[in-house]
Amino acid sequence: MPRTSTVSRTTRETSIELTIDIDGKGDSQINTGIGFFDHMLVCFARHSDFDLTIDAKGDLEVDGHHLVEDIGIVMGQAFDRIMAEKSGIARFGEARIPMDEALASVVVDIGGRSYLVMDATFESEKVGEFNTQLARHFFESFVSNAKVTLHATVYGYNDHHKIEALFKAFAQAMKKATVIEGKDVKSTKGCL
């Protein structure tokens, strides 16, 4: 059964169409209007081997907050639809990714509970047109809608490297957690 989902969301602030295929090859077509965020989502697709298409427009004349938040929401909803059964998946995934002086660690549990623990501080207000505060907000929006627990830490001094290492570690952890290992749900309760 294909593990793919398409979700659309239109509000007064944003318009988003997103398709994700978690059994893909890492292909992506990303257009958010925020260059650095596009780069992070392309990195996520490439390093997870998930195919990801996003066509998004938002009120960037205000700032990127609404668009980044809504993409996190939509991506989480799409992922939750794909993982509705959770039968046979590895469930847990982790990755540590260096990028020069930066080192990111991400651990995920696709267990049906939303929780984010993130230890990341940034020196700059922005990387390109991307407000660095929005990195945390993207992950908050994603986990809330994907029903995933995610722990993320990063250190370093270059904010571009730190955020990119986070997205690559997120990709690798999600890739490992979604691998099919059998038929049973990995829970003593028998369901997630």
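These legends walk through several close-up views of one predicted model. Local features need pLDDT of at least 70 and side-chain atom pairs count only at pLDDT 80 or more, while totals for chains, interfaces and linings use all residues. Residues are numbered from 1 along each chain as its sequence is written, and side-chain values use heavy atoms, with hydrogens and water left out.

**View 1. The β1-β2 hairpin.** Here we're looking at β1 (residues 4-10) and β2, which make a hairpin with three residues between them. Strands and helices are DSSP runs numbered from the N terminus, with helices being H or I of at least four residues and strands being E of at least two. β1 pairs with β2 in the antiparallel sense, over seven bridges; to count as paired, two strands need at least two DSSP bridges between them. Look for Thr6, which sits opposite Thr19 in β2.

**View 2. Strand β4 and its partners.** β4 (residues 51-58) pairs with β2 (residues 14-21) through eight bridges, in the antiparallel sense. Ile30 has Ile54 of β4 as its bridge partner. To get from β3 to β4 the chain passes through helix α1 (residues 35-48), and this β-α-β crossover is left-handed. For the convention: with the strands pointing away from the viewer, a right-handed crossover has its path from the first strand over the helix to the second running clockwise.

**View 3. The four-stranded open sheet.** Which strand order does this open sheet have? It goes β5-β6-β10-β7, with mixed pairing. β5 (92-99) and β7 (115-119) are the edge strands with a single partner strand each, so one side of each has no neighbour in the sheet. On average, neighbouring strands are turned by 5 degrees against each other, direction ignored. (Axes are lines fitted to C-alpha atoms, for helices over the stretch in contact, and angles run from 0 to 180 degrees between N-to-C directions.) β6 (residues 102-109) and β10 (residues 149-155) pair in the antiparallel sense over seven bridges, and Ser105 stands opposite Thr153 in β10.

**View 4. Helices lying across the sheet.** Helix α3 (residues 133-146) lies across β7 and β10, at about 160 degrees to β7. Contact here means heavy atoms within 4.5 Å. Helix α4 (residues 159-177) lies across β5, β6, β7 and β10, and runs at about 150 degrees to β5.

**View 5. Phenylalanine rings.** The whole structure holds twelve aromatic pairs; rings of Phe, Tyr and Trp (its six-membered ring) pair if their centres lie within 6.5 Å, and planes under 30 degrees apart are stacked, over 60 edge-to-face and the rest tilted. Phe36 and Phe130 make a tilted pair, 5.6 Å centre to centre with 50 degrees between the planes. Phe36 is in α1 and Phe130 in β9 (residues 130-131), so their pair ties together parts 94 residues apart in sequence. Both Phe36 and Phe130 are buried, where buried means under 20% relative accessible area, exposed over 50% and partly exposed in between (1.4 Å probe, protein chains only). Phe139 and Phe170 have ring centres 5.1 Å apart and planes at 90 degrees, so that pair is edge-to-face. Phe139 lies in α3 and Phe170 in α4, 31 residues apart. Phe139 is buried at 1% relative accessible area, and Phe170 counts as buried at 0%. Ring pairs join a cluster that includes Phe36, Phe130, Phe139 and Phe170.
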